[in-house]
Amino acid sequence: MYVLGVDIGSTSSKAVLLKDGQEVAADAVVQSGTGTSGPERVMDMIFKKSGLKRSDIRRIVATGYGRFTFDAADRQVSEISAHAKGIHYLFPKARTILDIGGQDVKAIAIGENGSVQNFFMNDKCAAGTGRFLEVMAGILELDVSEMAEWDIKAKHPVSVSSTCTVFAESEVISLLSQKKAKEDIIRGVHESVVGRSMGLLMRTPMEADFVMTGGVARNAGVVDALKRELNKMVYVAQNPQVTGALGAALFAWQDLEKKKGNQKTKKEGQ
């Protein structure tokens, strides 16, 4: 039996196909989000990977910024709950989650059963998000996927202190004109991202285990900067970009189990 979770973000669309509530049968990511063809394309990709059709899927749950625009979903859940559910499935001991997406940052505290205890979110400014990293990479004439390998080379990291993406852009241009090494600037950019995130994390109980999720978690330079700042281990899923979609799929399976239980109770009561 198959269910599907779809996470429609501001900059990407993700999907996870779950079999029998346990096995991830397929996952897919399209780097286009809400308001684009991304959601339809990620569905097509999942069906192509799995060889299934829409009629083979028992339930679809959508999450993310664009969840209410996705008509194929049977219901919607918040991305906070979806990430908590997905991370708890992957890391049952997780208690603190840092989710850095394309245009927002979330710090989430979860309980031992994976329920959300509290969360704090920055969605007012692109600073410290995936978009921030894309802008910085552009100035440095790199693809954002290359930043981690440059970070490793840093010997004399410089500070990028501006709290605004526009001002940080000017700051990085100034550092380049001062002939600062590209790798040292990148280390400073990564530490700047973590510095902004810590303001949110510090508002949670800061309980271990710590897990980082979202697209930015694919950047080992940011993950390493967070480890240094916390002086603790930080876990990252094999594909951190799809943990929200995984959580949505788990909610879809939970819905089926609940419906099955209700039908059984009704039948026994007859």
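Reader: Is Lys14 buried or exposed?
Author: The model is a predicted one. Lys14 sits in strand E2, residues 13–19. The cut-off for burial is under 20% relative accessible area. Lys14 has a relative accessibility of 7%, so Lys14 counts as buried.

Reader: Which residues is Lys14 in contact with, leaving aside its neighbours within four places in sequence?
Author: The contacts of Lys14 include Gly5, Val6, Asp7, Gly9, Ala28, Val29 and Val42. Val242 and Ala245 are also in contact with Lys14.

Reader: What separates the C-alpha atoms of Lys14 and Gln241?
Author: Along the chain, Lys14 and Gln241 are 227 residues apart.

Reader: What do the 13 residues of H5 span, end to end?
Author: Helix H5 covers residues 165–177. At 1.5 Å a residue, its 13 residues should span 18 Å. The end C-alpha atoms agree with that expectation, being apart by 18 Å.

Reader: Which residues of H5 are buried, and what arc do they cover around the axis?
Author: The buried residues of H5 are Thr165, Ala168, Glu171, Val172 and Leu175. They lie on the same side of H5, because the arc they cover around the axis is only 110°.

Reader: What covers the buried residues of H5?
Author: The face turned away from the buried side carries the exposed residues Val166, Phe167 and Ser177. On the buried side, the cover includes helix H3 (130–139) and also H6.

Reader: Where is Met206, and what is its phi?
Author: Met206 belongs to the loop between H6 and E9. Its relative accessibility is 22%, so Met206 counts as partly exposed. Met206 is a residue other than glycine with a positive phi, near 60°.

Reader: Which residues does a cis peptide bond join?
Author: One of the two partners is in the loop between helix H6 (182–201) and strand E9 (210–213). Omega of the bond is about 5°. The residues joined are Ala208 and Asp209.

Reader: What is the N to O distance in the salt bridge of Arg75 with Asp255?
Author: Arg75 lies in strand E5 and Asp255 in helix H8, so the pair ties together parts that are 180 residues apart in sequence. Arg75 is partly exposed at 27%, whereas Asp255 is buried at 15%. The closest N and O atoms of the pair are 2.8 Å apart.

Reader: Which residues are linked with Arg75 in a network of salt bridges?
Author: Asp255 forms a salt bridge with Arg75. The network links Arg75 with Asp255 and Arg59.

Reader: What is the N to O distance between the side chains of Arg228 and Glu191?
Author: Arg228 is in helix H7 and Glu191 in helix H6, 37 residues apart. Arg228 is partly exposed at 40%, and Glu191 is partly exposed at 36%. Their side chains meet in a salt bridge, N to O, at 3.4 Å.

Reader: How many salt bridges does a search of the whole structure find?
Author: One of them pairs Asp56 with Lys53, with the closest N and O atoms 3.8 Å apart. The number found in the whole structure is 11.

Note on methods: Residues numbered from 1 in each chain as written. Predicted model: local features only at pLDDT ≥ 70, side-chain atom pairs only at ≥ 80, totals over all residues. Heavy atoms only, no water. Helix = DSSP H or I, 4+ residues; strand = E, 2+ residues; numbered from the N terminus. Buried < 20%, exposed > 50% of the residue type's maximum accessible area, 1.4 Å probe, protein only. Expected span 1.5 Å × (residues − 1). Arc of directions from axis to C-beta. Contact = heavy atoms within 4.5 Å. Salt bridge = Lys/Arg side-chain N within 4 Å of Asp/Glu carboxyl O.
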